[in-house]
Amino acid sequence: MKLTKTIKQTVKTTTYLMLAFVMAFTISCSPEDGRDGLPGEQGPAGQDGNANVVSSDWFQIQFDYTNGPNDYGYMAIDIPNYQEFIDNGGVAMMYVRQTLPTGDYIIHPLPFEDIFRFALANVPSEGVENSLVLFANQTNVSDLETEPGLTFRYILVPGNTTSKSQVNFEKMSYKEVVNHFELEP
């Protein structure tokens, strides 16, 4: 009998405590609390997303220059705000996609073999200003312009995005970069 009375008392006390907690949370937290008509405090600044990341569509190479023996050529791609991009530590990445006759494809980061490489360049004396330059070395480089299974893509990550992140984009695979910036593949 004494054990039953103790159990009833414990259940009754627990019920009152639970009811008190529910009432306290229901009454104490309402959206109307605070000062009406005044804005809340400013929260901490968030990290930049991919809003300033520039990515091209896949494109075929169109040389701006080929040498006499036709074993070297380059294509210059203008970069808006080039100096700011360079000064702030922007990262440029370029990829080549080889599409096979089956429709499957392989994506390689540049430099690729001894054929393709790229650089950021501002050499007005050579006719290249504020550009991302795609270089090719191969016998008959002009043939590369008409190769439909060979396309390129670049991704430019501004320094304001990279400075807040410890990610080394240049060591990431193409798929990892595309996923990281939520880009269309």
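Me: What makes β4 largely enclosed by the rest of the structure?
Reply: The count of buried residues does. In this predicted model, 7 of the 9 residues of β4 are buried, so the strand is largely enclosed. Buried here means under 20% relative accessible area.

Me: Why is Tyr 95 called buried?
Reply: Tyr 95 is found in strand β4. The cut-off is under 20%. Tyr 95 has 3% relative accessibility, so Tyr 95 counts as buried.

Me: What is Tyr 95 in contact with, leaving aside its neighbours within four places in sequence?
Reply: Its partners include Trp 58, Ile 107, His 108, Phe 152, Ile 155 and Tyr 174. Pro 109 and Leu 110 are also among them. As for Pro 111, its C-alpha atom is separated from that of Tyr 95 by 8.3 Å, with the two residues 16 apart along the chain.

Me: How do you know that β4 pairs with β8?
Reply: Pairing takes at least two bridges. β4 and β8 have 8 bridges, and they run antiparallel. One case is Met 94, whose bridge partner in β8 is Tyr 154.

Me: What makes β4 and β5 a pair?
Reply: Again, the threshold is at least two bridges. Here 5 bridges join β4 to β5 (residues 105-109), and the strands run antiparallel. Gln 98 stands opposite Ile 106 in β5. The hairpin of β4 and β5 has 5 residues between the strands, and Gly 103 there takes a positive phi near 95°.

Me: Which residues have the most contacts inside the largest nonpolar core?
Reply: Met 94, Phe 116, Leu 132, Leu 144 and Phe 152. That core has 24 residues. Elements giving two or more residues to this core are β3, α2, β4, β7 and β8. β8 gives the most, with 4 residues. Apart from this core lies another, of 14 residues, among them Ile 155, Val 157, Tyr 174 and Leu 183.

Me: What does Phe 152 touch, not counting residues up to four places away in sequence?
Reply: Among them are Ser 56, Asp 57, Trp 58, Phe 59 and Ile 61. Tyr 95, Val 96, Phe 116 and Leu 134 are touched too.

Me: Why does Ser 56 count as buried?
Reply: Ser 56 is in the loop between β1 and β2. Its relative accessibility is 11%. The limit is under 20%. Therefore Ser 56 counts as buried. Not counting residues up to four places away in sequence, Ser 56 touches Phe 152, Arg 153 and Tyr 154.

Definitions and conventions:
Residues are numbered from 1 along each chain as its sequence is written. This is a predicted model: local features need pLDDT of at least 70, side-chain atom pairs count only at pLDDT 80 or more; totals for chains, interfaces and linings use all residues. Side-chain values use heavy atoms; hydrogens and water are left out. A nonpolar core is a set of buried Ala, Val, Leu, Ile, Met, Phe, Trp, Tyr and Cys residues joined through side-chain atoms within 4.5 Å. Buried means under 20% relative accessible area, exposed over 50%, partly exposed in between (1.4 Å probe, protein chains only). Contact means heavy atoms within 4.5 Å.
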